[in-house]
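Dear colleague,

Please find below the structure that I am handing over to you, together with its sequence.

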Amino acid sequence: MKLILRNIGKIKEAEIDLDKQLTVFFGPNNNGKTYVSYCLYGLSKISDFERIRNVDDLNFFNVDELFRNGSAKIEFATITSKRIELKNVVNNSFQKFLPELFGNSDFDNSKSQIYYNFFDNDNLLNNYLQDFNLPPLEVFYAGGNRISFEKVNNFINVEIKKDNIKNKNLKLDTTMSLIEYLFFEGEPSYFLPAERIGVAVFGKELVLNRFQNTSGIVKKENFTSYSLIINEAIQRQFQMTNLQTKKVDEEFVLLAVELEREILNGKLTVNEAGDAFYSNENLEPLSIFSSASTIKSLSSLVFYLRYFAAKGQTLFIDEPEINLHPDNQRKIARFLAKLSNAGIKIFLSTHSDYLLREFNTLLMLNKSSDETDKLMEKYGFKKEEVLSHKSVGAYLFKDGFAKEIEVTETGFSAETIDETISEQNKAFNDIRWTLFED
């Protein structure tokens, strides 16, 4: 399944495969990597903002029957027959959401297009429905109606609690909820923006100064707010007092401990007031305000793993290499590969040659042989870090387009970064041998 994006900020066109377990965005600055990452993240947020509208042409079922019996069946063939109408509804929903997503009421979305590639073909849409594997029963509350959906063979079974049916909004509520269930629901996504260091330090102050409450930013006419991603990151920082009550899979808690041990060389904690501290065996708890930039940069990843992570989620990370020494850049690449293998889908953008080369190394180590085992032992690689080329996607962002780069058993080429390194080496050698060597 792919998401097609056109005319969004710097992006003229991009087609991103959503089925890869680890996807890497790279390329020159100001070429749309963040725009695309934000849009991908928005997939899990549209229904939260009630953007599913203009559904009058989508007659999937008999409303009178649903009202009378409290249940109905929607055949896949019926859904497929409305493919064009669905495409328009989904695209329009994305369009309306973009100003709020980017935090800019003046954002020009008039020519933007965002939709799933299966809306371009009946067979692709039918295959998507056949492979649809969200939990068998999902419950939505919309307009007062409590609506349940369950996939059964080649249809979706719809049920409404008969003591709570309101016929006036029944068609709208059910159609909106069905679209959300089929195309926008799933495990929640989590975004670690490039601004995470500032958020870690100033999150509470930003909330107190710019928010009326913790549910949203102050609204003004033609006011450019923070983006949805920054708003959420700030609110999470403000609400850290509640973190200790959250429970997640022990596997991810252990990964948080590993990240602290291998890169941060200490431990992060949160007190009852929601303030974060760093400490190690030689250091008493130190406020994160006063800690090293590496700790600020990775603290949000530690807290995500300890309090929010779950298999099937999608994690977005802008520039995971921020403030990391090359040695730690290699370590974070291995760690993210391990995290993707543990069941977290990852999208990351990077300018780091160290990260990209380490991913390529992990791809090559997927070859089964005695020599592979010896090389892994020699260089300290672990089996759970090894990547399959079939699960990795790579995109070069340049001149308004996202070009998909082939990923093979030997990795992928990061041409813009390789070109810069080659030019730097050529200039260095030429200057040295011309000016300082006979």
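**Cavities**

When the whole structure is searched, three cavities of 30 Å³ or more are found. Please bear in mind that this is a predicted model. The second largest cavity has a volume of about 40 Å³. Which residues line it? The lining of the second largest cavity consists of Leu 192, Arg 196, Ser 297, Leu 298, Leu 301, Ile 317, Pro 320 and Ile 332.

**Salt bridges**

Side chains of opposite charge can pair when their charged atoms come close. In this model the count comes to 14 salt bridges. Three of them are described here.

The side chains of Lys 2 and Glu 15 meet in a salt bridge, at 3.9 Å from N to O. Lys 2 belongs to strand E1 and Glu 15 to strand E2 (residues 11-17), so this pair ties together parts that are 13 residues apart in sequence. Lys 2 has a relative accessible area of 22% and is therefore partly exposed; Glu 15, at 34% relative accessibility, also counts as partly exposed.

Another salt bridge joins the side chains of Lys 311 and Glu 251, at 3.0 Å from N to O. Because Lys 311 lies in the loop between H10 and strand E15 (314-318) and Glu 251 lies in helix H9, the pair ties together parts that are 60 residues apart in sequence. Lys 311 is partly exposed, with a relative accessible area of 44%, and Glu 251 is partly exposed at 33%.

Glu 384 and Lys 338 also meet through their side chains in a salt bridge, at 3.7 Å from N to O. This pair links distant parts of the chain, 46 residues apart: Glu 384 is in the loop between helix H13 (370-379) and strand E17 (392-398), and Lys 338 is in helix H11 (residues 326-341). Is each partner buried or partly exposed? Glu 384 is partly exposed, with a relative accessible area of 38%, whereas Lys 338 is buried, because its relative accessible area is 13% and buried means under 20%.

Salt bridges that share partners also join Lys 2, Glu 15 and Glu 404 into one network.

**Backbone and surface**

Most residues other than glycine have a negative phi. Asn 7, although not a glycine, has a positive phi of about 55°. Asn 7 lies in strand E1, residues 2-8, and counts as partly exposed at 39% relative accessibility. Asn 265 is not a glycine either, and its phi is positive, about 55°. Asn 265 sits in the loop between helix H9 (250-264) and strand E12 (267-270). At 51% relative accessibility, Asn 265 counts as exposed, because exposed means over 50%.

Ile 431, Leu 435 and Phe 436 make a nonpolar surface patch of about 370 Å². Of these residues, Phe 436 lies in the segment after helix H14 (415-435) and is exposed, at 66% relative accessibility.

Val 407 is found in the loop between strand E18 (401-405) and H14. With a relative accessible area of 12%, Val 407 is buried.

Yours sincerely

Terms used:
Residues are numbered from 1 along each chain as its sequence is written. This is a predicted model: local features need pLDDT of at least 70, side-chain atom pairs count only at pLDDT 80 or more; totals for chains, interfaces and linings use all residues. Side-chain values use heavy atoms; hydrogens and water are left out. Helices (H or I, at least four residues) and strands (E, at least two) are DSSP runs, numbered from the N terminus. Buried means under 20% relative accessible area, exposed over 50%, partly exposed in between (1.4 Å probe, protein chains only). Patches are made of residues with over 30% relative accessible area and no salt bridge: like charges are joined within 9 Å, nonpolar side chains (Val, Leu, Ile, Met, Phe, Trp, Tyr) within 5 Å. Accessible areas come from the Shrake-Rupley method with a 1.4 Å probe; for residues, only the protein chains shown count as cover. A salt bridge is a side-chain nitrogen of Lys or Arg within 4 Å of a carboxyl oxygen of Asp or Glu. On a 1 Å grid over the protein atoms alone, a cavity is a set of points where a 1.4 Å probe fits but cannot get out, and a pocket is an open set with protein on both sides within 12 Å along at least five of seven lines; lining residues have an atom within 4 Å of a point. Grid points are joined across faces, edges and corners, and a volume is the space filled by probe spheres set on the points.
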